[in-house]
Amino acid sequence: MSMSTHRSSPLCPSSLITASLQLHYLAEGAANIIYSVSVQSPPALLHHSHCCVMRLRKDLPSTKAAVQAMSDFQGRIAPLFNEKHKSLLMEQALYKLTPAMVSEANDELREIDGVDLSALSAEDVKGKKIRHHHRRHVYLPSYENEQYGILMQNLQGPGIDWLVEFKPKWLVQSPSAPVDARNCRTCALNAMRRKAGAHQGRGDSGFCPLDLLADEDAVLERTLANIWPLENGIHKFVAEFREKVQPSLRHLQTLQEEHGSVGVDDFRNPDGKDFGVAMALRDCSVFLALKRRPDSSDRVDVVDIKLADLDLKTTEGGKVQKWAAMEEELLEGDWYQNLDGSNCRISRQNLS
């Protein structure tokens, strides 16, 4: 699966909508599976191999058809990003699958499910396709039920040394939180889940999301070390992060404030509330494409910043009730107050 010298660009997804593609399993989340794609034909597009990834939804009641997901994104999410911030969004293109592509992908998933991880050493696992236990036994919809995938630019290509991903989660406090809260919404939820021994997910990466917008160098250094453990030159990366990444995060924070009807009272009285957009803004991922400066071994440039996973959240299937129950559990368990194992910015600011 070698990468050509062709450099991926936002134009690539639309270039491949008529090409014959082969899927290569890369990774997956709760709702989607991500594949790198190589071009089988026509010959004129072979150089595009692996410049894009394909996102295919899982066969779950909570996932939307790709056509609907694209329509929602273009109609409800994209307008939130004006010309200044438009480059933060991933360019996407619908791709018509074939029955064989779906069948072969599902066969591969079942084959990966059969791998006994307990019998493999850490060395054996390297380079193997692995599905974590909590992701297994969920597959793609049949071709009859889903005939499209979504092509997106592959951010990790020629000229990129590292691709770093993190979830900023809630950059504003929950409207349900008590006025004397000592934890933000994310720190409160993570503390509750850790205590219960629940699966930790990408939203719990060892830092308070409010620290992503910190002014203090020491705080940013500690936070970014959880995102990307750079041994040397972290202070230089902090400067780059402050200049190039924080403005994007502040725009996301502003959007979360504008779409802030996500408290218990809102969930109990959902009429007129846009939970789909509000919760999407709180669950997106940030990708940083980084390049080492040729003149410096410890200096890193942020080449590109993209927000992904900005799918309109479905409010069906008991989702609103689930969000309400989660907020109620945080309140009833005093998790906004509980500092056991927490290092929330709010509590540190209250102590200073």
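User: Two strands pair if DSSP finds at least two bridges between them. Which residue in β3 stands opposite I33?

Analyst: This is a predicted model; local features need pLDDT of at least 70, side-chain atom pairs 80 or more, while totals for chains, interfaces and linings use all residues. Residues are numbered from 1 along each chain as its sequence is written, and side-chain values use heavy atoms, without hydrogens or water. Strands are DSSP runs (E, at least two residues), numbered from the N terminus; β2 (residues 32-41) pairs with β3 (residues 52-57) in the antiparallel sense over five bridges. Opposite I33 stands L56.

User: What is the bridge partner of S20 in β2?

Analyst: β1 (residues 20-28) also pairs with β2 in the antiparallel sense, over eight bridges. A hairpin of three residues links β1 to β2. The partner of S20 in β2 is S41.

User: How many residues of β2 are buried?

Analyst: Buried means under 20% relative accessible area (1.4 Å probe, protein chains only). β2 has ten residues and is mostly covered. The buried count is seven.

User: How much area do domain 1 and domain 2 bury between them?

Analyst: The bounds, from an automatic or database assignment, are 11-153 for domain 1 and 162-350 for domain 2. Buried area is the accessible area (1.4 Å probe) lost on putting two parts together, summed over both. Carbon and sulfur atoms carry 64% of it. The total is about 1700 Å².

User: Which residue forms a salt bridge with D311?

Analyst: A salt bridge needs a Lys or Arg side-chain nitrogen within 4 Å of an Asp or Glu carboxyl oxygen. Two are found across the domain interface. At 2.8 Å, N to O, the side chain of D311 meets that of R55.

Terms used
Buried < 20%, exposed > 50% of the residue type's maximum accessible area, 1.4 Å probe, protein only. Helix = DSSP H or I, 4+ residues; strand = E, 2+ residues; numbered from the N terminus.
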